[in-house]
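Here are a few friendly notes to read alongside the model. Please keep the picture open as you go through the points.

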Amino acid sequence: MKFNAKVKVAKKPVRVVKVAKKTVAVKKTAKKPVVVKKIAKKPGVGKHYEKIAENKSLYGRRIKQLKAITEDTNYIPKRGTTGTTLENSYHEFIFSMYGALISGRKITPKMEAAITKVVKRYAGWLKKENDPKYRKKKLDYTENTIAKLNMIKRRLGECNYTKNYTNEKLYFLESIEKQVYSRGKLSIKQRKALNGMHGQFTRKIEKNKKFEKKSKNKKKY
């Protein structure tokens, strides 16, 4: 009898070698902190507005009065006849006091008394301006002064000066004329300037006449 005997061969166990994975080091990049710039407030800004508000509370009436005075061009011309500065130092003083009130400056008792005097003086001027007798006197003065200005203009035209020089003098005379109409008076300095111009133009006309006379005599010979 044949037997198909199968011999079972024992399989060798397969060893599984586990390879340990290398740990990958992940570098964490630290985020840069965001710097928020704080805008520093200027020292004293809040206090400055407080002082302005304080002056407005304490001297509100005076601020309104000085505002009206500085805006009255019949009392304070915007510009002097030169076109550059105020007419006198008193006008500059009024503007400085008004500026002190609205800018929040500390008002001393002396300043407060000066501001009161400015207001009283202006009130007196207004009363005078509305007086019929004074207004008639002012009108007469205006008419006489304008007549003298026109005479000076005519003499200027007879002098035969250069066009630029003539226009320069006319500009001055016209600025004086505007002031006479608006205010009815001239300063001592302005009156002296007009007298000087009158004398200058008169002498120039006489000189021109003498020159013309000599020229005619020369032509005869």
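1. A nonpolar core is a set of buried Ala, Val, Leu, Ile, Met, Phe, Trp, Tyr and Cys residues joined through side-chain atoms within 4.5 Å. Buried means under 20% relative accessible area, with a 1.4 Å probe and protein chains only.

2. This is a predicted model, where local features need pLDDT of at least 70, side-chain atom pairs count only at pLDDT 80 or more, and totals for chains, interfaces and linings use all residues. Residues are numbered from 1 along each chain as its sequence is written, and side-chain values use heavy atoms, leaving out hydrogens and water.

3. The largest nonpolar core has 19 residues, and Leu 66, Ile 69, Tyr 75, Ile 94, Leu 101, Ile 107 and Val 118 touch the most other members. At least two residues of this core come from each of α1 (45-71), α2 (89-102) and α3 (109-129). A separate second core of 13 residues includes Ile 146, Leu 149, Ile 152 and Ile 176.

4. What does Ile 107 contact, leaving aside its neighbours within four places in sequence? Its partners are Asn 55, Tyr 59, Ala 100, Leu 101 and Glu 112, where contact means heavy atoms within 4.5 Å.

5. The protein chain has six helices and zero strands. Here helices (H or I, at least four residues) and strands (E, at least two) are DSSP runs, numbered from the N terminus.

6. Of the 221 residues in the protein chain, 25% are buried. In soluble globular proteins, nonpolar side chains tend to be buried together.

Key:
Buried < 20%, exposed > 50% of the residue type's maximum accessible area, 1.4 Å probe, protein only.
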